Amino acid sequence: MDMNKERNTVKRLSRLRRHRAAGPVLLVFALFTIGTTFQVASAVNTTTQTTADRSAAIEEGRQLFLKGCSSCHGINAEGGVVAPSLIGVGAASVDFQVGTGRMPMADMSQQAMRKTPVYTPAQVNALALYVASLAPGPEIPGDELLNYERDGSIAEGGELFRTNCAMCHNFAAQGGALTKGKYAPTLMGVQPVHIYEAMITGPQAMPVFSDKTITPEEKASIIAWIKSVEAEPQLGGAALGRVGPVTEGLLAWTLGIGLLIGAAVWLAMKAR
Amino acid sequence: MSNQLEPIKDPGLPAHVHRRADLDEKYAKRAETQVAILFLLSALGTVLLIVSYVFIPQDIFVFIPVMGEQNVHQLLLGLGMAIALFFIGAGLIHWAKNLMPDEEVIAQRHEFRSNDEDRAEFVKTVKAGASTAGLGRRPLIKRTMGLALGLSGITPILLLRDLGPLPGDELTKTSWKTGTYLVTDPGDRRIKASDLEVGAVAQVLPELAEGKDHHSLNDIAKDALLLIRLRPEEFNLDAERLSWTHEGIIAFSKICSHMGCAVALYEQTTKHLLCPCHQSTFDVTRAAKVIFGPAARPLPQLAITVDEEGYLIAQAPFNEPVGPSFWERSS
């Protein structure tokens with residue numbers, strides 16, 4: 001009985017599928033879906049345009065803050081025993097820390113590390129707006145500052161990087177160690193906006209690089225250089241993490257000398 | 001008499017143990033084939049090297065686990081050469097160990113002195129040669145040749161002059177003078193005190209003197225500064241050192257007092273400056289006091305102030321030589 005019923009339903013469905021109108025109806029449905037999805041997605045960028053939307057986003061940010069951040073940073077972002085005050089850190093700081101997944105911290109170790117962000121871009125934006133509404137601070141750099149391909153010079157960026165950044169982040173931007181378990185992270189795969197924000201806000205152990213000592217054009221050059229290093233192929237064989245003598249030495253001392261010892265043992269063994 | 005020990009007899013060489021390849025032609029044949037295979041592998045390696053050098057374009061990349069994206073051309077060149085050289089060695093070792101004669105042979109040392117006959121013959125030959133060349137008859141040649149050979153021997157001694165001249169005051173002086181402007185490195189822009197936020201750093205060089213268009217490396221190696229801005233209340237300095245700062249801005253020589261590396265790893269949270277070479281750590285709030293590592297002296301601090309327009313200038317030159325210790329250094 002049941003089987004028969006099922007078979008009938010399937011039959012009816014397959015008849016519908018072969019219906020003349022099925023094609024056009026599906027097409028209209030698909031176009032409608034794509035259209036509305038695009039509208040919803042692109043609406044994210046325009047939410048902050050009007051004042052009303054802005055205050056709504058700030059309110060949303062406040063709610064997110066109370067839920068996710070206030071236990072360490074305080075109900076009014078005034079800071080606490082384990083976390084600094086967020087008054088005056090600016091939207092750029094929030095966008096960097098939350099947008100790269102550093103905040104919320106996974107554990108109370110020496111340093112927050114980059115990980116998959118917990119919040120969506122819209123939520124990060126709301127949080128940033130809320131914190132920026134507490135006191136003025138560095139703003140999220142706009143697209144006009146991030147056009148590094150047009151405004152940046154790779155050669156100049158390399159010179160600036162070697163003087164200002166390479167001592168901590170390594171000469172090929174691969175990151176390096178600091179004191180007591182802290183470290184300067186690798187810059188590979190970091191979004192240009194986050195590189196820019198790090199320079200103007202000085203997150204964690206990093207100092208601030210003001211716009212007057214390193215101009216916005218020079219910052220674009222630094223980003224252009226980092227992106228060119230990222231795109232650079234390994235033409236000379238295995239780069240071994242591009243950290244220089246440490247991994248090269250490790251490989252030579254273990255694999256190279258290991259091979260030599262093996263050959264020496266073989267040489268000294270008596271043939272039977 | 002009875003408790004006198006028998007001297008231990010020279011046991012001589014142990015009896016020679018023959019290898020299987022020495023006794024059985026079948027094993028010898030097998031070892032021969034093995035050596036030949038090793039040499040053939042080496043030949044294949046060279047062929048691989050030639051093929052990858054000539055035929056494989058340089059812009060092909062392939063993903064290899066652990067190593068990541070690798071350039072095929074370079075990878076095969078390296079592999080080919082490694083295979084070619086390694087298997088030549090392996091073949092030689094295998095051949096020597098299994099097939100070449102391995103019986104111990106004793107070769108007695110002979111006396112170093114030649115026999116009297118040979119010695120007399122040698123003296124006669126030298127004397128005959130000298131008289132044919134006419135050294136005794138032509139003293140001019142003998143003397144000028146002596147002069148030429150003797151002088152040419154002096155050359156290496158002369159080159160020792162390159163160890164000098166003495167540096168004079170080069171090691172104790174920098175380009176910083178009273179009133180020298182601090183400029184950004186690179187960029188050479190003057191810096192206003194207001195350009196730096198709290199927590200900011202700037203890499204700094206002295207403004208170029210009139211008539212110079214670039215900083216020479218020798219100058220940079222002595223003049224480079226790190227400018228750091230803290231909250232003024234964070235300083236823990238005596239009155240004199242505090243007067244060398246300006247509204248929380250403090251300037252240190254970037255040249256490590258240990259071995260001269262550029263000390264510029266500044267941790268904003270701990271206010272520590274770290275040298276990347278040997279991990280000497282300096283506390284910025286206490287005039288770069290050494291708190292860890294091999295450095296023996298704090299980094300020299302440059303006294304800074306501002307001119308009437310608010311640009312940062314040097315109050316005075318460094319009061320001590322920058323960089324690592326040297327023999328004539330007074331402190």
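Between chain A and chain B, 29 residues of chain A are in contact with 38 residues of chain B, contact meaning that C-beta atoms placed from the backbone lie within 7 Å. The model is predicted: local features need pLDDT of at least 70, side-chain atom pairs count only at pLDDT 80 or more, and totals for chains, interfaces and linings use all residues. Residues are numbered from 1 along each chain as its sequence is written, while chains are lettered from A and ligands numbered from 1 in the order in which they are written.

**Interface, side of chain A**

- α8 (154–164), α9 (166–169) and α12 (245–268) of chain A each supply at least two residues of the side that touches chain B; helices (H or I, at least four residues) and strands (E, at least two) are DSSP runs numbered from the N terminus.
- The most is given by α8(A), with four residues.
- By class, this side of chain A has 15 nonpolar, ten polar and four charged residues, where Ala, Val, Leu, Ile, Met, Phe, Trp, Tyr, Cys and Pro count as nonpolar, Asp, Glu, Lys and Arg as charged, and the others, Gly among them, as polar.

**Helix α8 of chain A**

- G157(A), L160(A), F161(A), T163(A) and N164(A) are the buried residues of α8(A); buried means that 20 or more other C-beta atoms, placed from the backbone, lie within 10 Å of the residue's own.
- These residues lie on the same side of α8(A), because they cover an arc of only 170 degrees around the axis, the arc being that of the directions from the helix axis to the C-beta atoms.
- The cover over the buried residues of α8(A) includes α9 and α11 (216–231) of chain A, together with β4 (201–206) of chain B.

**Packing of α8(A) on α11(A)**

- The two helices pack at an angle of about 95 degrees with their axes 7 Å apart; axes are lines fitted to C-alpha atoms over the stretch in contact, and angles run from 0 to 180 degrees between N-to-C directions.
- α8(A) and α11(A) are therefore roughly perpendicular to each other, a term for angles of 65 to 115 degrees.
- Residues of α8(A) including I154(A), L160(A) and F161(A) meet residues of α11(A), among them I222(A), A224(A) and W225(A).
- The residues of this contact divide into six nonpolar, four polar and two charged.

**Sheet in chain B**

- Four strands form an open sheet in the order β7-β8-β9-β10 (chain B), with antiparallel pairing; strands pair if DSSP finds at least two bridges between them.
- β7 (265–267) and β10 (289–292) of chain B stand at the edges with a single partner strand each, so one side of each is left without a neighbour in the sheet.
- From one strand to the next, the twist averages 30 degrees.
- Strands β8 (residues 272–274) and β9 (residues 281–283) of chain B run antiparallel and are joined by three bridges.
- L274(B) has T281(B) in β9(B) as its bridge partner.

Conventions
Two residues are in contact if their C-beta atoms, placed from the backbone, lie within 7 Å. A residue is buried if 20 or more other C-beta atoms lie within 10 Å of its own, exposed if 12 or fewer, and partly exposed in between; C-beta atoms are placed from the backbone. Angles under 35 degrees count as roughly parallel, over 145 as roughly antiparallel, 65 to 115 as roughly perpendicular and the rest as oblique.
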